[in-house]
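Let's take a walk through this structure together.

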Amino acid sequence: MSRYLRNSSPDEEAHASHLELFYDLVFVLAVTQLSHLLLGHLTWGGAGRSLLVLLVIWWAWTYTTWVTNMLDPDAIVVRLLVLALMFGSLVIAVAIPDAFGTRALLFAGAYVAIQVGRTAFLAFVVAGRGSPERAPATHILTWFMASGVFWLAGGFASGSALITLWLIAIAIDYSAPLVFYRVPGRRRLSPSSWDVETSHFAERFQLFIIIALGESIVVTGATTSELPLDAARFAAFGLAFLSTAAFWWLYFHLVATISQRQLASAQESTRLARDGYTYLHVVIVAGIIVSAVGDELVIAHPRDTLPTPELVALVAGPAIYLLGHVLFRLCMAGTVGWWRLAGAIACVLVGLVGLNASALVVASLLVAVLAAVIASELIAGRRRVNRGEPSTLERLEADAST
């Protein structure tokens, strides 16, 4: 086994290292830059460009998480690798405000350098010749080199040509895991080609949710501190906090723990990690970022009836967030979270009210929807306890012990 790989016993749970927490700090800036990009371009085109930037940020962070799930964070070479990736991610964050203009090549070049450099390190430094890690790493490297051609070409282009080239590139990147990095003429890979240390893996994604929620807190505080504080704005400030707190509750009250247990007990944990975390968590993160933009708009204009684009941003945030939870539960457990689905629909309906109501009223109704979802699930859980039925977590623990 390579000296750079994690060396932990099967019964020992790994956790995020201080190095990984330090690395994550860059993404606080990246998420903040992204929310400002969306806030400054509240059009369908602006939303599409913001989504593309989010997918780039997410893919850079996610692949690092998959790699550090394998590597020993105490190895000096690994530490140097992560610090280099951190600097590359910082360059991406700096380039975001003008990623589709004068800094397009800087944005794309930093992303390609991160993906190709990290994977090349895994293929040729960590994985020895004939080792089980070599084939998956070289397959992934092939895909990143293929998409890198389009990323870099887009960096030299502009306008619609840039967008087209980058859409091709992101399609290549996001389709690769779905086909397990199939390379013509080479042996097919299977999910068993990757091992997932589930406790560390799930914890890393939970921490990114905290990053996104933290950005919401920063936006709430920064926006409020820059404006005159009257009763309406203070109420908007309080509602923004309650919305963020509700988001935290909805994810970390049982969902995080239950999904981690489901991942640990799954027969195909790699496939579940790919679908539930690598793909679907970006929907949850998107909901948080859009909601932060909505909170900023309400704090800035609490008494006004918001224009349609701003109203859409306000109601879309919690709706996307709840829908992400529905999809995540469907993937992990095969069941539908009906209360959260109803909450997502209710958020959309609140948008109709917002056509003739102030931003403060709309924000109040959205917080009421989130509170109703939380209360409904708590009541349903209490009723199951009163009927003597085991909770989802208790069932998972019982299954694990058998």
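What follows goes from the nonpolar cores to the aromatic rings, then to the cavities and a few spots in the loops.

Before starting, keep in mind that you are looking at a predicted model.

Let's begin on the inside. The largest nonpolar core has 119 residues. If you want landmarks in it, pick out Phe 27, Trp 58, Leu 71, Phe 107 and Trp 151, the residues with the most contacts inside this core. Helix H2, which covers residues 44-68, brings in the largest share, with 13 residues. There is also a second, separate core of seven residues, and Leu 38, Leu 42, Val 293 and Leu 297 are among them.

Zoom in on Leu 71 for a moment. Which residues does Leu 71 touch, leaving aside those up to four places away in sequence? Its partners are Tyr 4, Leu 5 and Arg 6, then Val 78 and Leu 81, and finally Phe 121, Leu 122 and Val 126.

Now for the rings. The count of aromatic pairs comes to 27. One of these is the pair of Phe 205 and Tyr 277, which sit edge-to-face, with 5.4 Å centre to centre and 65° between the planes. What does this pair tie together? Phe 205 belongs to helix H7 (residues 198-225) and Tyr 277 to helix H10 (residues 269-279), so the pair links parts that are 72 residues apart in sequence.

One aromatic cluster is formed by Tyr 23, Phe 27, Trp 58, Trp 61, Trp 66, Phe 201, Phe 205, Phe 208, Tyr 277 and Phe 328.

How many cavities of 30 Å³ or more does the structure hold? There are three. The largest cavity has about 90 Å³ of space. It is lined by 13 residues, and the closest to its centre are Ser 243, Asp 295, Leu 314, Ala 363 and Val 367. Four helices each supply at least two residues of that lining: H8 (231-252), H11 (281-300), H12 (308-333) and H14 (359-386). By class, ten of the lining residues are nonpolar, two are polar and one is charged.

Not counting residues up to four places away in sequence, Ser 243 touches Ser 291, Val 367 and Leu 370.

The second largest cavity has about 40 Å³ of space. Its lining is made of Val 26, Phe 27, Ala 30, Ile 57, Ala 60, Ser 89 and Ile 92. The classes here are six nonpolar, one polar and no charged residues. Notice that Phe 27 turns up again, this time in a cavity lining.

Finally, take a look at three places in the loops. Ala 157 is in the loop between helix H5 (134-156) and helix H6 (159-175), and it counts as partly exposed at 21% relative accessibility. It touches Leu 162 and Leu 165, again leaving out residues up to four places away in sequence. For a sense of distance, the C-alpha atoms of Ala 157 and Ala 333 are separated by 44 Å, and these residues are 176 apart along the chain.

Tyr 181 lies in the loop between H6 and H7. Its phi is near 55°, a positive value in a residue other than glycine, and at 8% relative accessibility Tyr 181 counts as buried. Leu 254 also has a positive phi, near 80°. You can find Leu 254 in the loop between H8 and helix H9 (255-265), where it counts as partly exposed, at 40% relative accessibility.

Technical notes
Residues numbered from 1 in each chain as written. Predicted model: local features only at pLDDT ≥ 70, side-chain atom pairs only at ≥ 80, totals over all residues. Heavy atoms only, no water. Core = buried A, V, L, I, M, F, W, Y, C linked by side-chain atoms within 4.5 Å. Buried < 20%, exposed > 50% of the residue type's maximum accessible area, 1.4 Å probe, protein only. Contact = heavy atoms within 4.5 Å. Phe/Tyr/Trp six-rings, centres within 6.5 Å; stacked < 30°, edge-to-face > 60°. 1 Å grid on protein atoms, 1.4 Å probe; cavity = no way out; pocket = protein on both sides within 12 Å on 5 of 7 lines; lining within 4 Å. Points joined across faces, edges and corners; volume = space filled by probe spheres on them. Nonpolar A, V, L, I, M, F, W, Y, C, P; charged D, E, K, R; others polar.
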